[in-house]
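Below is a short report on a two-chain model. Keep the structure open while reading.

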Amino acid sequence: MTPSPSSAPRPVINVARLPASALDHRSPIWWGNLLLLFIETTMFALMVAAYFYVRQNYNLWPPPQVNSPFALLRPVPTLSLPLISLAVLTLSAAPMIWADRAALHRREGAVKIAMTLAVIFGGVLIAIRFREFRYLNCRWDDHAYSGIIWTITGMHLLHLIVGTAENLLLTAWLYLHGMDEKHARDVRVGAVYWYWIVGIWWILFGVIFYGPRLWPQGQL
Amino acid sequence: MNSTANEPLTDLTLVAPAHLAKRETELDQKLEKVWQRPNGIVGWLCNTNHKDIGIRYVVTAFVFFGLAGLLAFAMRLQLAVPDNTLLGPDRYNQFFTVHGTTMMFLFAVPVMEGMALYFVPLMVGTRNVAFPRMNLFGYYAFLAGGLMLYGSFALNIGADAGWFAYPPLSGPDFAPGKRVDFWSQMITMTEISALVAAVEIICTVFKQRVPGMSLNRIPLYVWAMVVTAFMIIFAMPAVMMASGLLAMDRLTNVTTHFFNPAEGGDVLLYQHLFWFFGHPEVYIIFIPATGFVSNLIPVFARRPVFGYTPLVLSLIATGFIAFGLWVHHMFATPVPELGKSFFTGASIMIAIPNGVQMFCWIATLWGGKPQFKTPLIWVLGFIFIFMIGGLTGVMLASVPIDRQVHDTFFVVAHFHYVLIGGAVFPLFGAIYYWFPKWTGRFLSESLGRWHFALFFVGFNLTFFPMHILGMHGMTRRVYTYSAETGWGTLNLLASSGAVVMGVAMLLFLANVWKSRRTGETAGSNPWNASTLEWATPSPPPSYNFAQLRTVGSRDPLWIDSPETTALVDGLSTEKREVLTTTLLDAHPDHKYELAEDSIWPFLLALVVGLSFTGLIFHPIAFPLGMGFAYLVFILWFWRGNEPKRASLPHVSEGAAS
């Protein structure tokens, strides 16, 4: 069934003049990043599911804090600093959007400034986040409730650290070597990752900090 | 970078065959220099060629298959007669745990990924996978996971809580020591590897198909692997989380209470998380195998496949429904009755898309002129055995029957029929089919038929009696039984079947060993098949195709005529460049440079493997591991981006003179 070779001329497409990179969803690395985010989103979704699963085991949610020196009947996580960090995290999207758009238009100077700002935001956020654990009002090894909220908060912090470390590396490269097409694409893909870090925290924050306030379980 | 507006970015010329041949020779020489594999031991560690990585996955997975097979053989010897004392209870626990864990995590998934990493790029007509270095990292992560499991087993501290390691049995109270911890870190490593391979497969198929290979022309095997890869992406995080939370519960200085009922934790949470992965896992193993079958049947029936669109839709439907079945593994636990009914319904529903596939295969065979070569014989064996496994599956999906035979040998028989019948039989078919592509030589047909016959007989001898043993009440995972139970005869029968299967496997090894050197030589397309991997020499050159081609149909080597199907020229011969095309219609879009060979993936896997091993003993390994991994990653990024070759202005390579 194989067509036999023939002496007729054969059409040939020359692709030499096609661009050597793409800065959006046409690039394989953009898809690679998106799939990574599918994986991470699945993981967080399962953690939220686990949160609500263990909730069924408690008469009072969050469970009364009896292990600490200050016994609390309803130790909902404190809002003060976490709200500030949520605001800072949301603001951190601004330099990322700037870097994203500047990379699209190949404005190298603007990208460098925006990326530097993004790294600074990241550093500040990480510092706040480490303090934020004490606002959860429990230790990770108190019970299943504390375990799951520490894990969710900790895993999100881990993503924040990874995202910031990535931005730092990329920014250093931009200052030393300038921005070519490939690294303009990296800036844009990194921006998608950062938007996801910001967006997913809104959901996780709502679950951890507002869930027990809006829908407390059990009678006092 | 972009050419001036309105000027088309590609142009089409007609080239005479003589010039084409000349151009091809010229390209062969130039591409060989750019894509050649690195030399020496260090070079071996750095090699990012997808074909070599695919073969390494397959060979490594078969080594684990052999080891786990030996464990199974030892268990069959122990159970052959009542009150046997060959294996004590502790050793028996380790044997069945390591056997099951190996078969699921170190054989079935990796071997399917290895096959895909070899053939998917060839079948979509590209030069390498989308991220060659990540791909290499994935292999080393898999290897590290395997070494963890077998390292601890060799030290007699092998995992012993079953392949699903349910707490509380696997929790800190009932499983002291480090056995379960090695198991859970092995899970993390192998799942990292599976996820990496899944991302590779999707990105390669989405962005690197040859022009003209629109979604409705993708070979069915490639479709099957895309569905599998998406399932891996949504399923594997669940098992990583289950084993990760278990490890946190167990680790001194961390001691969380996720699965500790005394502190509000829940052991059923573990079962839910595990089976949310565990049930799709069955299909992650089975769908690639149906891909083999859909790919092999048309070749040996000598006609295009019947029902391409229903086959693709069935794959996708199976992928979705597979996520709604997991509770049928938990019918013996106190989940709500309504939930059980729902999951029974869903379990029966998945028979619909699988039935559609089965009928399409039968219709293809019916409408063709079947040639009963060894690969097709394995496929027919698959249809027979999988049918039996499917029937017992429908039985187990109904709550009353499941409550009767739960955790008995009936279940053992069922899942061996499904997994060996559903995955290993098609896999052997695929190996007999593609061996000529790997090596340029056929496997021996006569030895292949003996291999099939003995394996088929041995398999049924071993596993069929287990159905009956299960109904007589023999529970799984018992290291021995007393003579009064009357189970001795059937057990002896099962054990004799294991001997036959062992002989069959030895024949297979002999066949591979012999045929590699002295097998009948095969040309580039020895089966006269229709997909693109047969459009290049056997074994393929490092760059796969000198000139990429376009396709105009689902069976390009059968239907497309050379006069109307264009070749593609103009990719760089100075660097490792591939063509990317659009997602839906596969129009040429842009060119994409792939990374060079590199040692960093190996070093990253080493650091990650060591830190997960350290994490078995102390939580400090986590921040340390992160730090070292970041260091390696900096070097990977930095060194990888520095231009190695003199960066010439990108001269277009003229298509033809």
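**A hairpin in chain B**

In this predicted model, strands S4(B) and S5(B) form a hairpin. Six residues lie between the two strands. In the turn, B:Ala586 has a positive phi of about 55 degrees. The pairing of S4(B), residues 577–581, with S5(B), residues 588–593, is antiparallel and runs over five bridges. B:Thr581 of chain B stands opposite B:Pro588 in S5(B). S4(B) is mostly covered, with four of its five residues buried.

**B:Lys207**

B:Lys207 lies in helix H6 of chain B, which spans residues 179–207. Is B:Lys207 buried or exposed? B:Lys207 has 29 other C-beta atoms within 10 Å. The cut-off for a buried residue is 20 or more, so B:Lys207 counts as buried. Its contacts reach into both chains: B:Lys207 touches A:Pro28 and A:Trp31, along with B:Ala130, B:Thr580 and B:Thr581, leaving aside residues up to four places away in sequence. B:Lys207 and B:Leu583 are 376 residues apart in sequence. In space, their C-alpha atoms are 5.9 Å apart.

**A sheet built from both chains**

S1(A) pairs with S1(B), residues 11–15, in the antiparallel sense. A:Val12 has B:Thr13 in S1(B) as its bridge partner.

| Strand pair | Sense | Bridges |
|---|---|---|
| S1(A) and S1(B) | antiparallel | five bridges |
| S4(B) and S5(B) | antiparallel | five bridges |

**The contact between the chains**

How many residues does each chain give to the contact? Chain A gives 46 residues and chain B gives 68 residues. On the side of chain A that touches chain B, the elements giving two or more residues are strand S1 (10–14), helix H1 (28–55) and helix H4 (144–177) of chain A. H1(A) gives the most to that side, with 13 residues. By class, the side of chain A that touches chain B has 31 nonpolar, 10 polar and five charged residues.

**A helix crossing in chain B**

Helices H4(B), residues 89–123, and H8(B), residues 267–301, have axes that come within 10 Å and cross at roughly 40 degrees. The crossing of H4(B) and H8(B) is left-handed. H4(B) contributes B:Met104, B:Ala108, B:Val109, B:Met112, B:Met115 and B:Ala116. H8(B) contributes B:Glu281, B:Ile284, B:Ile285 and B:Pro288. By class, the contact of H4(B) with H8(B) has nine nonpolar, no polar and one charged residues.

**Confidence**

The predictor gives the complex an ipTM of 0.94 and a pTM of 0.95. Chain B averages a pLDDT of 93, and 96% of the residues score at least 70. Over residues 643–657 of chain B, the pLDDT is below 50. Beyond near neighbours in sequence, that stretch has 25 contacts in the model. Where pLDDT is low, the predicted coordinates should not be read in detail.

Terms used
Residues are numbered from 1 along each chain as its sequence is written. Chains are lettered from A and ligands numbered from 1 in the order in which they are written. This is a predicted model: local features need pLDDT of at least 70, side-chain atom pairs count only at pLDDT 80 or more; totals for chains, interfaces and linings use all residues. Two residues are in contact if their C-beta atoms, placed from the backbone, lie within 7 Å. Ala, Val, Leu, Ile, Met, Phe, Trp, Tyr, Cys and Pro count as nonpolar, Asp, Glu, Lys and Arg as charged, and the others, Gly among them, as polar. Two strands pair if DSSP finds at least two bridges between them. Axes are lines fitted to C-alpha atoms, for helices over the stretch in contact, and angles run from 0 to 180 degrees between N-to-C directions. A crossing is left-handed if the near helix is turned anticlockwise from the far one by less than a right angle, and right-handed if clockwise. pLDDT is the predictor's confidence in each residue, from 0 to 100. A residue is buried if 20 or more other C-beta atoms lie within 10 Å of its own, exposed if 12 or fewer, and partly exposed in between; C-beta atoms are placed from the backbone.
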